[in-house]
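Here's a quick tour of a two-chain model, written for someone who likes cut-offs spelled out. Have a look at the structure first, then read on.

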Amino acid sequence: MFLFRFKRTLKLGVKSLWMHRLRSTLTMLGIIFGVSSVVAMLAIGEGASRDAQEKISQLGSRNIIIKTVPPPEDKSSVGQQQTLKEYGLTYADAERFRGAIPNVRVLVPNRLISEQALYRNNRVSIEVVGTVPWYTEISSLRTTYGRFITSIDTHYKQAVCVIDELVRKDLFSFDDPLGQMVKIGGDYYRVIGIVTAKKATTSASQVQGQQNSSKGGSGANTGKIYIPLTTARTRFGEMSVQIGTSGATLERVELQEIIVQSQTIDQVLSTRRSVMTILSRFHKKNDYEIVVPLELMQRAKDVQRIFTIVLGSIAAISLLVGGIGIMNIMMATVSERTREIGIRRALGARKRDIVMQFLSETLILTLCGGILGMAVGSLVPALVTYFGQMRTVITPGSLIMAFGISAAVGIAFGIYPAYRAANMDPIESLRHE
Amino acid sequence: MSDMNDNPKPSNGDAILVMDKLCKNYQLGTVELRVLREIDITINSGEYVAIMGPSGSGKSTLLNMIGCLDRPSGGSYHLGGQDVSQLEDDELSAIRGARIGFVFQSFNLIAQLNVIENIEIPMFYQSYGEAESAERAMELATMVGLADRMKHRPAELSGGQQQRVAIARALANDPLIILADEPTGNLDSGSGADILGILDRLHEEGKTLIVVTHDENIATHAQRVIRLFDGCIAEDTYNYHKG
């Protein structure tokens, strides 16, 4: 019986809406656009945030990256021609970290040198990374072919190198790189392995934009060649010539970066404090910066939240406008059908029957609009991904939310017109022309 | 079905409509307009009553009172033994749906529904089952001679046919009284005669009919004529040649 009543009310609603097809469609458009903008904006926001989080997690969430940066120019020494500048992280810093901070699980000192690599006639700009055998533990690198640097290589300062995918592609298009000699700077190095970046753990490869984003996500477009740190120290030295506006200056930098990994995520921030304490004692010049991926991640989350709020409010406003449109039309419908309301009241309809009748019409409009809006809203991110090369992720939660919102809009904006209809005087409405 | 239909049907001759000193006043600014003044009417089951009177005599107001569309300002009104003069809105709706069958001058069918669906409206609000109400609607449509028009919309029917649908609709819940307001007012004489024929037939079947009109021709069909003047009953006569 209840089911019949429900079915009949629904059928009646559809019939009345069908009588004014154009009007119903136009009314529905407001909701369609509102809901689709909610879905699309959430998808774009979610895609952007996952992208950022993936990039950050590639840096390692337990890592603290301490980088050498050129110190700000000393105001007092302007005019003086400095011939030798000495700054940056040192081996002593690395030793202090290792000795003084208890939570350090892995510590990796790195020497970074921009160079050119030559193999046969191929010459490419690369970055030489002088590093230690346990570098792979803290990075997202995986040895896919051959082997990585070992402690024996380090101990004997071997002239060996490990190249990444990018270098392999540029230098050895079709050759097997293993065992080949590559000339970097003035010396030859034997290739012992190839490393590739691990796929991000939160891989969502069904999303089209993944490929594009991860390509950009690996950051530097220059390839990297890894050699033992000891080899780098002896072969490249610590001096480099920088040609600036004030002529050539000699710079001495021991280490370009030190990566510290703490034992657990909870210890990251306290480890960072210890690092800062140690550094501030030994580095009077501000010649370092500390990057904490965990903090970046949290900042990214904050940004994402603001992003979501902004996009959400825009979408909410468009839904509100759509809802007002619906309310407007329902008011017109109610006054247009005053006589019908009178007839129904005379034939035994209670107020709540009339409320149900008009509310169900509004709900049909908004729910149909909601479903169509979800369809359009799912299409828009696909287009954004295709044309804008942006990653988008449609979560089931956002679809459920959009549907819920459209139902809520239907009820919120349908209740007043329905209430007006129900409270009309039956005698007056029967007399209404 | 609602509980009031479970009451035993009054047999022919029982008083089903009793108005005792019924008054209706309207407040127009500071002036109180007394539209109905102490109306006493008793109508028995199976009677065919015409209520007549010039414009402004209170006919329409009395019709609204009888039809439970409005509450009286004073006096009492018993319909089928129940005092309906002080009921709540929802209760009045239930009474209208179960005990009164309305037939209007302008038919008042719902344009987007077909004949069957229009007849089903009162049953819908009385919670009939789906199959039950469809079956009864078809029965009633056949009874008023519209068996071949069941799927037509009101716009596709003539005035006479529309009024027949309205009569079928009025009969849907098997009401205590059928209340018709100028049922032939919008019809040509031929269709009007048709409708009066149907009303006569209903009267013969024992239904209680109350027709509000100023058409003397209808009055000759009725058993009893109540004439209103200035909100009072001026005359209450029986046509002894009828029934």
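Among contacts in chain B between residues at least 6 apart in sequence, what percentage join residues at least 24 apart? It's 70%, where a contact means two C-beta atoms, placed from the backbone, within 7 Å.

Some housekeeping: this is a predicted model, where local features need pLDDT of at least 70, side-chain atom pairs count only at pLDDT 80 or more, and totals for chains, interfaces and linings use all residues. Residues are numbered from 1 along each chain as its sequence is written, while chains are lettered from A and ligands numbered from 1 in the order in which they are written.

**Chain B overall.** Chain B has seven helices and 10 strands, taken as DSSP runs numbered from the N terminus (H or I, at least four residues, for helices; E, at least two, for strands). Its radius of gyration is 18 Å, close to the 18 Å from the globule rule for 243 residues, so chain B is as compact as a globular protein of that length. That radius is taken over C-alpha atoms, and the rule is 2.2 Å times the number of residues to the power 0.38. Buried residues make up 47% of the chain B total of 243; buried means 20 or more other C-beta atoms within 10 Å of a residue's own, exposed 12 or fewer, and partly exposed in between, with C-beta atoms placed from the backbone.

In H4(B), the buried residues are Ser133(B), Ala137(B), Leu140(B) and Ala141(B). They cover an arc of only 100 degrees around the axis, which puts them on the same side of H4(B); the arc is that of the directions from the helix axis to the C-beta atoms. Facing away from that buried side are the exposed Ala131(B), Glu132(B) and Glu135(B). The cover over the buried residues includes helices H3 and H5 of chain B.

H13(A) bends by about 35 degrees at Gly414(A), with Pro417(A) following within four residues. That bend is the angle between axes fitted to the seven residues ending there and the seven starting there.

**The interface.** On the chain B side, 23 residues are in contact with 19 residues of chain A. The largest share of that side, seven residues, comes from H2(B).
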